[in-house]
Amino acid sequence: MTRGMQQMKWGCAIAGVGIVCVLAGTTIGFAQESVAVRAPMVKGTLPADDPSSAVWGSATPATFPMSPQVHWQNRIQEATVKDLTVRALHDGTNVAILLEYADPTEDPDDSAAIEFMVGDKKAHFAHGQPMAQVEGGPVNIWFWKNKDGKGVDMNAKGFGTLKVQGHQDVKAKGVYANGTWKVVFTRPLATEHPEEDTQIATGGFINIAFAVWDGKKDASGELKEKGSQKAVSSWWYFRAEAPPDYSGYYYALLAVGLALGFQFVLIRKLKKGHSA
Amino acid sequence: MGGSLLKPVILIGIVYAILKFIVPNIPGSAPLPSSLIFLYLMLTTSGIVIFATLSGESKDAFWGPIQRFLTGENIGGLQVLRYAVLLLFPLIVGWQTYSSTATSDAPPAENRTIHPAPPGEYTGLSNPVSKTPDAIQQGKGFYAAFCSPCHGGNFDGKGPAARGFNPPPANFSDPTTIAMLQESYLFWRIKKGGVGLPIEGMPWKSAMPRWEVELPDEWIWKIIMGEYDGAHQSPRTWE
């Protein structure tokens, strides 16, 4: 047996058993049960003023359960909104996020908000309240109220620190029909104020949380939900999808070609070695 | 194909089964990432190859059938299997390449430590309230008022306000929550809440309130008693 022949045999065995290994590797799935809002990239203008636009159909809806805010004072034991459906789109420059939820009555004080972390530091979902062992950062809150008819860009770092920003980058529009609120928030993906505004880079997951207030008044004229009395969620994920990238398919094709070539050369050499 | 090939294949199969199904079930262990399993299988394979080629005879016994199979000479009915292998191999290599270059579509993995170590000053504290039916009853009353909206009137973590929170409120009737913990640990968790957790506990996600701003220590100790009693669990002790 020649030396080269022996090496060929080595290669062939490794190829053979390699199949077993690779097969074993691929059978392992990566199941994950985290809920995220995914904003696909669309061409053309975002439906910023039109919550009913057909363009929203290209976004996959994500539904999040909401809790009455019982985490800190003043609490509320029951809130109107139990679930919130969220869709999002972006066009490479701006992002649009559509909140949709059932509310039996349209009231001037009906409100909704989206919350993000700002910068690299983690922030607690409840207004970025201080954490004992972790240095936290601020939260960026996008707020909409029916009677104001606009979006408000705010920051907080702890309870009682909520303030409206000096520069307003958020727009919002709400439309009420058939017992359902649809509210669209829009903002540029990136802004010039990274210390105050969340920056949305495509392809990466960021944290997102929600709050909704039913602005209905009770018999005594008091607002049913206001301030800390609202429906809330804790953190979920948001991602503005990167433009499609097909390089993975090209690499795979190249790998298939190489593997085929390897097999061809191997078997040819084996056959030659045999008859020699 | 000789029986000499069967043994290595079975051996690799067994190693795979152990790594995939048995190791994750060892207490304190976790499922191995596929890349690690792949590495172990590769090591096993090279081990087998080295072993099989140590002596001249075993070398031929080992390589002979593989070589015949790949060249397809005189293998009769195995020809179909040979074509299948020759077709599958490039496809699998392609798939592996694709999945290793594809960007992950899943949100970041949540490797949250549920029971991180408490700060030193809390270890070893014992409940200063004596365990009387009265104290337990009082504790249960406080529990109903402050804790049940999230942790549930049945101590099962399914209170009316639980649904929006991720991670969900702890289920105290589950043997992996308070039954595994000491009273001093609960005292720390209740007093300092979610925001009191160290970084591996991901404090920014927890809705567990920081009760020290609202409840006196004595109430917290009574709640702990009421909580264990109501959930039919007892605290972990080191005796």
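Tutor: Buried means under 20% relative accessible area, exposed means over 50%, and partly exposed is in between. The model is predicted.

Student: Why is Asp109(A) called buried?

Tutor: Its relative accessibility is 10%, and the cut-off for buried is under 20%. Asp109(A) therefore counts as buried.

Student: What makes Asp109(A) and Lys147(A) a salt bridge?

Tutor: The closest N and O atoms of Asp109(A) and Lys147(A) are 2.9 Å apart, and the rule asks for a side-chain nitrogen of Lys or Arg within 4 Å of a carboxyl oxygen of Asp or Glu. The pair meets that rule. Lys147(A), at 52% relative accessibility, counts as exposed, because the limit for that label is over 50%.

Student: Where in the chain do Asp109(A) and Lys147(A) lie?

Tutor: They are 38 residues apart and link distant parts of the chain. Asp109(A) is in the loop between strand E5 (94-102) and strand E6 (111-117) of chain A, and Lys147(A) is in the loop between strand E7 (139-145) and strand E8 (150-156) of chain A.

Student: What labels go to the two residues of the salt bridge between Glu225(A) and Lys224(A)?

Tutor: Those side chains meet at 3.4 Å, N to O, and the limit is 4 Å. Glu225(A) has 2% relative accessibility and counts as buried. Lys224(A) has 35% and is partly exposed, because that value falls between 20% and 50%.

Student: Why are Arg38(A) and Asp105(B) called partly exposed?

Tutor: Arg38(A) has a relative accessible area of 24% and Asp105(B) has 49%. Both labels follow because the values lie between the limits of 20% and 50%. Arg38(A) and Asp105(B) also belong to a network of salt bridges with Arg239(A) and Glu241(A).

Student: How do you know how much surface the chains share?

Tutor: The size of an interface is often given as the accessible area lost when the parts come together. Chain A and chain B bury about 6,000 Å² between them, with 68% of it on carbon and sulfur atoms. In contacts, 68 residues of chain A meet 65 residues of chain B. There are also 19 residue pairs in polar contact between the chains.

Student: Which element of chain A gives the largest share to that side, and what classes of residue are found there?

Tutor: H1(A) gives the largest share, 16 residues. By class, the side of chain A that touches chain B has 42 nonpolar, 18 polar and 8 charged residues.

Student: How do you know that Cys147(B) and Cys150(B) are not in a disulfide?

Tutor: A disulfide is a covalent bond between the sulfur atoms of two cysteines. The sulfur of Cys150(B) is 9.0 Å from the closest cysteine sulfur, in Cys147(B), so it is too far for a bond; the cut-off is within 2.5 Å. The count is 0 disulfides over all chains. Both cysteines count as buried, Cys147(B) at 13% and Cys150(B) at 11%.

Student: What makes the backbone at Asn178(A) and at Met202(B) worth noting?

Tutor: Most residues other than glycine have a negative phi, and most peptide bonds are trans. Phi is positive at both residues, near 55 degrees for Asn178(A) and near 50 degrees for Met202(B). Asn178(A) counts as exposed at 79% relative accessibility, whereas Met202(B) is buried at 14%.

Student: Which peptide bonds are cis?

Tutor: One joins Gln73(A) and Asn74(A), with omega about -5 degrees. Another joins Asn166(B) and Pro167(B), with omega about 5 degrees. Asn74(A) is in the loop between E3 and strand E4 (83-90) of chain A, and Pro167(B) is in the loop between H5 and helix H6 (183-192) of chain B.

Note on methods
Residues are numbered from 1 along each chain as its sequence is written. Chains are lettered from A and ligands numbered from 1 in the order in which they are written. This is a predicted model: local features need pLDDT of at least 70, side-chain atom pairs count only at pLDDT 80 or more; totals for chains, interfaces and linings use all residues. Side-chain values use heavy atoms; hydrogens and water are left out. Contact means heavy atoms within 4.5 Å. Buried area is the accessible area (1.4 Å probe) that two parts lose on being put together, summed over both. A polar contact is a pair of N or O atoms within 3.5 Å; within protein, one must be able to donate a hydrogen and the other to accept it, and residues adjacent in sequence count only if both atoms are side-chain atoms. Helices (H or I, at least four residues) and strands (E, at least two) are DSSP runs, numbered from the N terminus. Ala, Val, Leu, Ile, Met, Phe, Trp, Tyr, Cys and Pro count as nonpolar, Asp, Glu, Lys and Arg as charged, and the others, Gly among them, as polar. Buried means under 20% relative accessible area, exposed over 50%, partly exposed in between (1.4 Å probe, protein chains only).
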